[in-house]
Every structure is written in structure tokens, then in C-alpha cells.
Amino acid sequence: MTGLSDTDGRADGRRSFADLLLDLRVQAGLSQEELAERAGLSVRTIRELEAGRVARPRKDSVRLLAKGLGLQEGDAERFLAAAGHAIVRPVVSVADPAPIGLRWRGTRPIPDGLVGREEELLELEDLLRQNRLVTLVGPGGVGKTELALAAADRFSGAETTVVVVDLTTVQRDAAVPSAILDAFGTAPGTSDLDDVLSGRKPGDLVIVEDNAEHVLDGVATVANRMVRSFPGIGVLVTSRIPLGLPDEVVRRVQVLGVPANDKDLDEIAASPAVEMFVRRAGRVRRDFELTPENATTVARLCQRLDGLPLALELAAARAGSLSVETILAALDDRFRLLSGPRRFGAPHQRTLADTIAWSVDTLSDAARQLLYRASMLGSPFTLDAVAGICTGAPIDPLDVPMLLAELVDKSLLQPVPEFEQLYGARYKMLETIREHAYAGLSSQDDDLAVFRDRAVAWCSEYVKGLEGAWASPDRDRRYRAANANSATFEVALERAAELGEWDQAAQIVLGFRIAWQYQASVAQTGIRWAGECAENVEDKEVSGMLLAIAGRLSNLTGDVRAARRHYGEARTLIAPTSEMGLVARGGWVSSGSLLLNTLILAEIPPLVADAREHGNVQRSTTVQAICGLALARWGRLPEAKELLLAWEAALANPGVYPDEIGYLALSRISLELGDLGEARRFAELAREIQASDDPERTKVAGCLAMVEYHEGRYAEAQALLDEADADIRGHRGYFDYLVMLYRSRLARRSGDLVLARASIKDAVSRLLVEGRVVYLLDVLPEAVAVLHAAGQSAEADTLCGQLLAWQRTMDPPMLPSAWAILQESCKTASEASGWPSADPAEAVRRLADDVLTALS
């Protein structure tokens, strides 16, 4: 390279700089394209500079050119001088007052582009006021761009300039500064980035750098310089990967909330994912709206699409030509269905497949293979399952945590933080990503079968580690940790069934049985597999044990009739005095008491006797406690308390651990017997031992609320009911009806009859659906009181007369607290005729139906 003389840098040498650049490029033997590649600039910029059409080349661009040409330090300085950067010249700042409409440069937010993001918008507005650099990360198609644009719009004031930099077409890290300057609206190569950033006041300029993941180093370098050197500038970045800078505040953008069920129209309509789908579908089909007829299908569609905004948008675009039923049915091949017709946005976000592939293609080979293999584990899954099943070349077991972190950083996995400290790391994979990765695994010869077989082997070994867990002090931790792998266990059972390995499947179910009980939402899986294994194993004893498991899980999910059916069949297959035989007999008694089946009363004495003879103290006391609960439901309160106190006394034995259900039962019995001090003591013991992560916090809060209510501490009772009600919103718990019952009593006391009516109606409805008929006898007297308070005296007296006849002629009687409410409300009622009834359960269900009609 020929050296440069000082005269090459004369101030009036615009033509000479163009000539100089051309001469130096020719001397280096480079084409315009090759120099552009070396310098990280566009070919257009090189062409404009050599033609002399650039008034003042950017300092950054000239430096990049010097580097691309290989100029040494002295030559590089003279090259800069030839471009006019040896002389200080005034620069027109973008911060100078601009006409209305010029303070926003680049893509504007879509007016209704956001749904269900109000909380995120408020948080981002605050973050931009308090922090210099904020990065929004999340999977492709989650809506980072629209959220960033809306946040910048919300944040910006009359004196704020917003510059949006679309980085999708930038190919090199070194070209990021040029892309930012282009976004400011300056001609290519005409200014230095420092010039347009300096001299700004805080809040004067916000730069949005969109789609940064593929030029992360370049964006990080420039963003770091911006926030460190120019205190008046705010930077908002969208990326699938954080920048990794010390000043960076990272916020993960989540998918839109989907309906928890597909039956409740109000809940479906309130879902952000449903709202977005309906809005977008309305753009292509004017008459489209959510209706009772299509709500279930729309809910399921949004659930299948994970609430991913891009997927919802692409699916909604099909609503102009396809019904929602057809769209839902076609989701088995979602990448074909959702391939268009999106003609805007980044090229890699115009189809769902391109969006996912954009992220997957940037992975290391080991991370990509881990993603593929993890896709067959189900979702969510644990780090332990990945390490146990998915390793092998090119994945070293020691690298699994690092590779999972890479997948999380690139938004292909999402951590599930709930209870992580107690039960270990858990991850979930969006169904859209899972399908892409599963297809990748399926395309790799026999890999899919190999790793499914490894899942069976791993689960078979895992359940061996659960042996004896029930009698261990950390049983809750061990079973809940196992429950975190429930999706992977289903994968293993599917494979074992496919291979006809029913004995192995049965052993997995038997070993995993308690873990399924810790989450009602996955208990249905356990019921299905226990039933299928019971039908296919040859050993009748094993079949009976499996049916007993199906009975326990059915009871947990509220299907009491199915529970009694499973328990009844199990009793005929298992030795009656074996451990599982006692479980089956205890379950049959418990479910029968809920269904008002009088046969259970004759079964309790021999069952208690057999339990006391059993060698396992823990199992013996558990069965006695179950019988105590059944007797309490039947109004045999002193006998019930005796059995439950025997359970409490047995806690002194090694391997026998307290259960809050036993203490809650003792509290309820003491309350009904009028001993409020004992009722409080047992309720507080239940609170002390309840696991901190128990999803059914309702149980204890509701029990304590009852004690407070009967002691006349109504404000305290109300606070506890509010605590319990917050839990009810998140799940369906076994003790919800008591929360609703006492909410009605408090509301009626304060004169809020709307709330009282709604609460008691909800309690009756739930108990009817779940089949827990015996508890309706607690609730129906309150319904009478509500009807009387609402002025529906005729309906109230009719129901009251029926309940008076029940109390005189039927078994079990109403408990004392319910009977007291009825007596207060029945001063004008006469006892009904036609009692006793031949079918007690049907009689109570009929009364409950009458109540729902009267309350409607």
C-alpha cells in the first residue's frame, strides 16, 4: 500500500477523497463488493463515496474503510483528515426542534397491535425512566417488537425523539453503527454516530434496536458506548438473546394468557390470546365474533397455539377462508397451515417455520441436539430427566446445565421457577417449538426410538428411588420432585404400551402413584394409565393395586362415582389385609360416605380391626384416619374423633408423619362439638405442617376462617376467606365448598345478598358436579337462609320442610352447625311428607337441583 501525503487531507478535497478511496481500493486489488465485505459497509455506501456524492463521510465509516484497506496508523489518520475529520465543524443535531411528525423515525406501532400487555407496558415505561438500557427477550413471534414500539410511544413526550432501527437486514456486527445512522435519516456515510448522540438531555432520545440477536456483538458494543458515554439517551433492544451487558435490564416477554378451560364463556372471553385471535379474525371476516357456539373451539385453538401472538395472527388470517373447526383440526401440521400470508415484517418472521428455524439455526450442534431430544420428554421436564435421558454424543452429561442455559438464553426453552429451590430446575417448551424440534429428532434415523426407550429405562429406575418415600421425613419434597417429571413419565408409559411391556408399565405406575396425587390437573393421566395397565397385566393382585390407584386419583379429581367403582373392583382382587388391600377398602368406605351409601357403616369396624393388626404403623393409622373422616361425615362425631386422636397419638412412632387433613378433620369435629379452643389448636397445627408450596392453601385458610366466624371474629374470618378465595381462582380444591359456604354466611350477615346468593349457588353446583353428596347437607340449610333473606319465603319454606323431614327420618343427620342455621330459618315451615327416601343420595341431589332453580 502506498503511503499518504499530508496534502491528501486538504479541507476542500471532497473530490480528492473520492479519488483517494478509489486509488487505494485499486492498489489493494479489491472490488467494491470485496471492500464492502471487509469494512462491514454496504456496496451502495462505497459507490456513493467513490462517486463524490457524499458531502461529509461518517467518521465511523471512514475508520471502517481504513481498516478494510489495511492502512497503518499514520496513513489511517491522514485518510480521516482527507474525509474532513481533522477539522471541527458544526453538526445539525437530530435533537434540534423538529416539525410535528418528525420526532418518530422508523416503524410506528400498530394502533391495536397489543392485547393483554397493559401491565408490561406500565412496567416498561417505568424501566425506561429509571434505566438506560432495557432488553426485551423472548421466543420468535411472541410480540417483542410491538411491545417495544408501544412502550417507546407510551414513554415519549413532546420533546422526545424515538428512532427505530430495524436490524433484520444487517448482516455484520460492524455494520450496526451505519444502520443506526441510516435510521436517523442521514445520507449514507455523511456523519459520525458520536455527532448525533452528543449534547442530549435525559429523556430527549430513545433508540429502539429491533431484532438484534444475529448481530448481538455489534449491538452490545454500540449500546454499551451509548449508555456509558451519552447520559441523555435511552436504549430499548428486542432480541431472542440478552446482550450480556452490566447496565442491561432484561425482561422476558411471555406468551399471551390462554383460557384455563374451554367451557366457561366468560373466562374464555377474558383470555388475551382469545381476544387477539378474535380481533385479527375480524379483520379478514367482518362478521367474526366469539359466540357460545364457537367459544370452545376458539379456546382450544388458542391453547394449542400456546398463546403465541405470531401463531395466533397467522391462524386468524386463515379465518377468512376456513372455519375455526377446520383451523383447529389442521394444527397437527401447523407449519404448513401457518405458512402465510404474512407479507410484512422481517423475512424470517413471515411464516411460523421460518421464525422457529431462525433461532434453531444459530445453536451450537450440541445445543441443537439437546433441543431435539428434549422435545420428546413432554413439557414441562426437569434437568434430571434431560441429564438421564438425552445425553450421548455430541452431548456430554457435564455440559447439560450449560446447554440448557443456552436454550433459555435463546428463548427456545422457558424456565419454570415455581418451587425451583425445593425441587430442582424445570423447563417448558412451547408446543410450536416442540413440534419443530420433534420433527428434527424424527428425521435422524432411529434416534427417536432410541431416546423413547431410554425414557422408559430412566423412569423405571427413577421409581425405585421412591420406594419408602411415604415414611421418610422429606416425602413431600421427593413426591413433588417426582411430580415435576409427570410429562416425561407419560412419554415412557406411551412407549412401554406401544411395545406391549405392560408389566414394566405397571411397575412405573405403582412406583409413581403418590406423585400423581400432588397435582389434580395431571391426576387424570394417572387414572388412564392405571386403568389401561390393570386391563393388560396378567397378575390379578397387581391389577387390583392399579385399580386402587385409579380410585384414589379419581377421588382427588372430584369423580367420586368413578372412585367408588374402581375401589369396589380392587377389593375383589387384592388380599384384604395386605397394604394395598387396606387402601382399597379404606377408599371404598371413604367414597361411599361421600355418596351417602349406608353399606360403609358395616365395613368400618372390621376395617379398623384389620388396620390395627397390620404391621405397618403408618398404614394402620392412615386407614383408621380414613375411617374417622367417614364417620365424621356420617355425623358420628365422638367415634370419629376417637379414631383421629389415635392417628395423632401414632405420630410419636418413627416413620409416621403428620398430615394436615387429619388435623383439619379434628378441627372440624371439635367445632361441631362446640369446643372452639380445640378447633383452633388443631387448625393451627394444620397450618404449621402444611408444605410451603402446597397448591391447596385453601384447606387451612378455610378451616381457620370457620373458627374465627364461630368465635364472632368476622373481620378475621373475612381476611382468611379472601386468602382462600385467591387459591380457588387458580385451581379446584377439595375444600372449596366450605370457603363458599362461609363466604355466604358472612355476606348474608352484612346484607350483601348478591354475593351470598352467588357463593351458595357455586358451592351447590360444584358439589353436584363432583358427586360429593354428603357435603350438600352442610350447604342446603344456608341456601334456605339466603332464600329467606332474599324474600323468597315460599321456596325457602318448601326446601326447609324437606330438610326437616330428612333430619327426623334419614341417616346421616345434618351436622350441628348446619342444623342450627336451618332451625333459625324454619320458623314458618312445616315438615314435608313422603319421607324417608329409599335412595338418600338421589333425594339430596333432587333438593340441590331445586335450590339451583330457586337461586337462578
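## Aromatic rings

Let's start with a group of rings: Trp-458, Tyr-462, Phe-489, Phe-512 and Trp-516 make up one aromatic cluster. The model is predicted, so local features need pLDDT of at least 70 and side-chain atom pairs count only at pLDDT 80 or more, while totals for chains, interfaces and linings use all residues. Residues are numbered from 1 along each chain as its sequence is written, and side-chain values use heavy atoms, leaving out hydrogens and water.

Rings of Phe, Tyr and Trp (its six-membered ring) pair if their centres lie within 6.5 Å; planes under 30 degrees apart are stacked, over 60 edge-to-face, and the rest tilted. That rule gives 13 aromatic pairs. Trp-458 and Phe-489 are a tilted pair, because their centres sit 6.5 Å apart with the planes at 55°. This pair links distant parts of the chain, 31 residues apart: Trp-458 is in helix α23 (residues 447–464) and Phe-489 in helix α25 (residues 486–498). Helices here are DSSP runs (H or I, at least four residues), numbered from the N terminus.

Buried means under 20% relative accessible area, exposed over 50%, and partly exposed in between (1.4 Å probe, protein chains only). Trp-458 has 15%, so it's buried, and Phe-489 is buried too, at 0%.

Next come Tyr-709 and Tyr-714, an edge-to-face pair with 5.5 Å from centre to centre and 65° between the planes. Tyr-709 counts as buried at 14%, but Tyr-714 is partly exposed at 28%.

Notes: Helix = DSSP H or I, 4+ residues; strand = E, 2+ residues; numbered from the N terminus.
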